[in-house]
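Colleague: Please walk me through the side-chain contacts in this model, with the charged and aromatic pairs up close. Then place them in the rest of the chain.

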Amino acid sequence: LRTVAGVQTCALPISRHVWTTHYRIAGPLRYDVLQLCLDDLAKRHEVLRTAFTTVDGRPVPVVLPAIRLPLEVHDLSAESDPVDAAKGHEGEVNTHSFDIAQPPLVRFTLLKLSENEHWLLRSFHHIVADGWSWGIFFRDLARLYEAHVDNGVAALESPRRYLHYAVWQRAMFAPGHPRYRRDLSWWMDQVLASLQPTHPHARRLLVWCSRHARSLPRFIKRW
């Protein structure tokens, strides 16, 4: 599985939180194996199985035990201009929104331009992933695909749950933690340096301070 290029576009007609990307895949492709890989990835990464709902007015993530990432396939090879037809499909995908209470919050559409060229469209809600996350996703996808084709087992690292990261981050940035004090001290030094009249951003920062004056005393007292 070799991805030649990825072109990202923002689905502005829907929401600033929904993004669509297409990846051009060179070489022959087995659709059944690609579907198996997506199912494996849904099992591996719980964020792909997560719904977001509210309890007593507060947002709550709910991880489902199992879910499928369906792969919708369109054969455009008979079109007079397959690339133009693929762009039309991409524009149509851009009009689809997500209900964050109904996972999966990512959709995959495979467009066949020829036997040796495909576009994989990926549309997702930003609440479940960012650019770094998709790098991990496609790394795992490539390894899984190769393993399935060779009837082997993919050599993948144990997945890291975001819950564990959130717990670590909360502890790391607690007011009494040395990391918190160090980082806050550094940022306060930057702010104070920016307040010097000779600093190029001094005027901009002073304007910001004048707009947020009420919150500054509480912030400085906490520091």
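**Charged and aromatic contacts**

Modeller: Arginine 24 and glutamate 117 join their side chains in a salt bridge, 3.7 Å from N to O. This pair links distant parts of the chain: arginine 24 sits in strand β2 (residues 18–26) and glutamate 117 in strand β7 (residues 117–125), 93 residues apart. A salt bridge here means a side-chain nitrogen of Lys or Arg within 4 Å of a carboxyl oxygen of Asp or Glu. Helices (H or I, at least four residues) and strands (E, at least two) are DSSP runs, numbered from the N terminus.

First, the ground rules. This is a predicted model: local features need pLDDT of at least 70, side-chain atom pairs count only at pLDDT 80 or more, and totals for chains, interfaces and linings use all residues. Residues are numbered from 1 along each chain as its sequence is written, and side-chain values use heavy atoms, leaving out hydrogens and water.

Back to the first pair. Arginine 24 is partly exposed at 31% relative accessible area. Glutamate 117 is also partly exposed, at 24% relative accessibility.

The whole structure holds seven salt bridges. One of them joins arginine 30 to aspartate 32, with the closest N and O atoms 3.1 Å apart. Arginine 30 is partly exposed at 40%, and aspartate 32 is partly exposed at 45%. Another joins arginine 179 and aspartate 183, at 2.8 Å from N to O. Arginine 179 is partly exposed at 26% relative accessibility. Aspartate 183 is partly exposed at 23%. Both residues lie in helix α5 (residues 178–194), four residues apart, about one turn of the helix. There is also a network: salt bridges that share partners join Arg44, Arg139 and Asp140. Arginine 44 is in helix α1 (residues 31–44). It is buried, at 18% relative accessible area. The C-alpha atoms of arginine 44 and aspartate 140 are 9.6 Å apart, although the two residues are 96 apart along the chain.

Now the aromatics. The whole structure contains eight aromatic pairs. In one, the ring centres of phenylalanine 108 and tryptophan 134 are 6.4 Å apart and the planes are at 80 degrees, so the pair is edge-to-face. Phenylalanine 108 is in strand β6 (residues 106–114) and tryptophan 134 in helix α3 (residues 131–149), so the pair ties together parts that are 26 residues apart in sequence. Phenylalanine 108 is buried at 2% relative accessibility. Tryptophan 134 is buried too, with 5%. Phenylalanine 137 and phenylalanine 138 have ring centres 5.3 Å apart and planes at 80 degrees, so they also pair edge-to-face. Phenylalanine 137 is buried at 3%, and phenylalanine 138 is buried at 17%. The cut-offs are these: rings of Phe, Tyr and Trp (its six-membered ring) pair if their centres lie within 6.5 Å; planes under 30 degrees apart count as stacked, over 60 as edge-to-face and the rest as tilted. Ring pairs link Tyr23, Phe108, Phe124, Trp134, Phe137 and Phe138 into a cluster.

Next, the backbone. Most residues other than glycine have a negative phi, and most peptide bonds are trans. Proline 103 and proline 104 are joined by a cis peptide bond, with omega about 5 degrees. Proline 104 is in the loop between α2 and β6. Aspartate 56 is not a glycine, yet has a positive phi of about 55 degrees. Aspartate 56 sits in the loop between β3 (50–55) and β4 (58–63), and is exposed at 79%. Asparagine 151, not a glycine either, has a positive phi of about 55 degrees. Asparagine 151 lies in the loop between α3 and α4 and is exposed at 72%.

The protein chain has seven helices and seven strands. From the N terminus, the elements run β-β-α-β-β-β-α-β-β-α-α-α-α-α. Of its 223 residues, 32% count as buried.

Terms used. Buried means under 20% relative accessible area, exposed over 50%, partly exposed in between (1.4 Å probe, protein chains only).
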